Amino acid sequence: MVERYCISLIHYYFSMKVLPKSVLITGANRGLGLEFVRYFVKKNQLPGVQPTTVISCSRKISSELENLLEDIHHIDVDVTNEVQVKDAASKVSKIVGNDGLSLLINNAAIMRHGKGIAGCSVEEMKETLDTNLIGIHAIDKKLSAFVEASCRIPSPPSNFMWKSCCLQSLCRAWEY
C-alpha cells in the first residue's frame, strides 16, 4: 500500500500535473541525482509553469552540475559529516523559508563497482554503510521538519521523501 502511494505520488509529480514548490536532491553531481536536477531545471523553463526551487547537494560539484548553477541552489555537503549536514539544513531553511521543502530526493550513495561484498575491505564496507545508510538517515532527520512544514501550506500533496539508494546499493553489491 505504501509503495503504491509512493509510486503514485512520484508519477503525480512527474506527470506535469503539478510540480513541487521546492525540491532537494542529494547525490546530485552525477547519475540519477543529476538527471533529477536537469528534469526540474527543464520543467522550470516551460511557459506557464510555476517554477520549482531546485536545491542540489553533493560532496563535490561535477562540471555537468556546474553548468546548471544559474538555475539552482547548490549546497556542498558530505552526508557522513554531521557538521556539514547541520550547516546544509541551515542553508535549506534560508532558501525555502516558511514554505518548507516539498520534495526530498535522498539519492546520496556510493558503490564500489566490480568488487562485491567479498572483494570489499572492512574500511570500504564501513564507508559504504556510512554513506548509503547512516548518511541518508542523517539527511532525513535534519530535513524532515522542512518536509513536514510544507504540509501546512494548502496545496497538492507535498510531503514526500524518496530514498533511492539506501538498500538498493547494499542489495546490488551481492550481484558483483
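Modeller: From the N terminus on, the elements of the protein chain run α-β-α-β-α-β-α-β-α-α-β-α, that is, seven helices and five strands, where helices (H or I, at least four residues) and strands (E, at least two) are DSSP runs numbered from the N terminus. This is a predicted model, in which local features need pLDDT of at least 70, side-chain atom pairs count only at pLDDT 80 or more, and totals for chains, interfaces and linings use all residues. Residues are numbered from 1 along each chain as its sequence is written, and side-chain values use heavy atoms, with hydrogens and water left out.

The residue to look at is Thr128, which is found in helix H6 (residues 122-151). Thr128 is buried because its relative accessible area is 9%, the cut-offs being under 20% for buried, over 50% for exposed and partly exposed in between (1.4 Å probe, protein chains only). Leaving aside neighbours within four places in sequence, Thr128 is in contact with Ile110 and Leu133, contact meaning heavy atoms within 4.5 Å.

Across the protein chain, 43% of the 176 residues count as buried, and residues 24 or more positions apart account for 68% of the contacts with a separation of 6 or more.

As for confidence, the protein chain averages a pLDDT (the predictor's confidence in each residue, from 0 to 100) of 79, and 74% of the residues score at least 70. Over residues 156-176, however, pLDDT stays under 50, although the model has 59 contacts beyond four places in sequence for them. Where pLDDT is low, the predicted coordinates should not be read in detail.
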